[in-house]
Amino acid sequence: MADVSVPCEQANHQQGKAAMLKKHLSRFHWGSALLTLPFITLFCLFQIAPMIWVFINSFIYEEAWSVDNYLDIFTNNFYLQAFENTLWLSIVCSVIGLFISALTAFSIYKMQGRVRSMMISFTTMASNFSGVPLAFAFIIILGVNGAITLQLKSWGIIEDFDIYSASGLMLLYIYFQIPLGILLLYPAFDALKPEWEDAAKTMGASKLSYWRNVAIPVLAPALLGTFIILVANAVGAYASTYALMSGNYNLVTIRIASLVSGDLYLEPNLAAALSVLLIAILGFITAIHHWLLKRSYHAKS
């Protein structure tokens with residue numbers, strides 16, 4: 001009769017090792033979760049809690065529960081204009097910024113050695129140059145008596161350029177969108193394999209056909225995701241816009257700030273309603289982004 005004790009002992013040993021491994025992984029999982037506790041606490045205190053406060057207070061009107069704050073917004077052309085200005089400015093500047101960022105990121109990707117490292121370092125530094133210092137730099141360089149403005153006027157290239165206008169604000173937005181777009185898009189070009197282009201050339205495809213049928217579809221999720229982030233970045237811009245325009249251009253962020261820290265009157269509940277609508281717009285854009293990514297994934301599979 002065959003001895004079955006050895007296989008049984010081996011099976012018990014394997015089960016014991018599996019149980020110990022499972023217990024070890026469970027402990028490791030909880031240990032990792034505890035390490036994220038400070039981040040979760042800060043996220044709840046500075047993200048979730050303010051959003052809940054804003055949402056609740058947006059329904060308080062003259063110390064009573066009401067939707068009148070939202071009615072005031074939708075029936076007031078001044079606030080509707082703020083949303084219109086915010087959306088068109090953010091979308092147009094994000095499209096232009098995305099186009100320039102994609103070309104620059106691809107150029108950096110094609111560079112070699114120290115030149116590439118220097119360009120990445122410069123882009124990282126430029127992405128942190130925003131807010132009031134950026135607006136002050138634009139005023140010095142492109143203001144009414146700015147260095148570049150005076151030089152271009154002396155050459156007869158421009159006659160009337162006003163940095164304190166919608167065109168000047170667009171230039172400011174595009175400037176601080178480009179470094180962020182480059183940093184987000186640069187890693188995406190690693191997904192393009194050099195042999196794909198060689199294979200396309202071997203099959204007789206032109207460079208335009210390669211980009212249209214291979215490269216751009218591969219880069220599409222990264223391009224779309226970067227566009228969403230750029231739009232969100234532009235929609236939420238406040239410091240540089242306020243420093244440049246002194247609150248004279250009608251944007252949602254400027255209206256919110258004026259309602260919570262204005263000199264004439266304070267309406268924090270109306271500001272909360274504006275904030276909720278702004279969050280809803282960004283949430284809608286993000287939902288479209290996820291839906292398009294799902295369609296792209298299912299189409300590829």
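Modeller: The model is predicted. Helix 9, residues 194-202, and helix 10, residues 207-235, have axes that come within 10 Å of each other. Those axes cross at roughly 145 degrees, and the crossing is right-handed. On the helix 9 side the contact is made by W196, E197 and A200; helix 10 contributes K207, Y210, V214 and V218. By residue class, this contact has five nonpolar and two charged members, with no polar ones.

Helix 6 spans residues 132-142, and its buried residues are L134, A135, A137, F138 and L142. Around the axis of helix 6 they cover an arc of only 160 degrees, so they lie on the same side of the helix. The elements covering these buried residues include helix 7 (147-154), helix 8 (166-185) and helix 11 (239-245).

A search of the whole structure finds zero disulfides, a disulfide being a pair of cysteine sulfur atoms within 2.5 Å. C93 has a relative accessibility of 0% and therefore counts as buried. C44 has a relative accessible area of 37%; because buried means under 20% and exposed means over 50%, C44 is classed as partly exposed.

Definitions and conventions:
Residues are numbered from 1 along each chain as its sequence is written. This is a predicted model: local features need pLDDT of at least 70, side-chain atom pairs count only at pLDDT 80 or more; totals for chains, interfaces and linings use all residues. Side-chain values use heavy atoms; hydrogens and water are left out. Axes are lines fitted to C-alpha atoms, for helices over the stretch in contact, and angles run from 0 to 180 degrees between N-to-C directions. Helices (H or I, at least four residues) and strands (E, at least two) are DSSP runs, numbered from the N terminus. A crossing is left-handed if the near helix is turned anticlockwise from the far one by less than a right angle, and right-handed if clockwise. Contact means heavy atoms within 4.5 Å. Ala, Val, Leu, Ile, Met, Phe, Trp, Tyr, Cys and Pro count as nonpolar, Asp, Glu, Lys and Arg as charged, and the others, Gly among them, as polar. Buried means under 20% relative accessible area, exposed over 50%, partly exposed in between (1.4 Å probe, protein chains only). The arc is that of the directions from the helix axis to the C-beta atoms.
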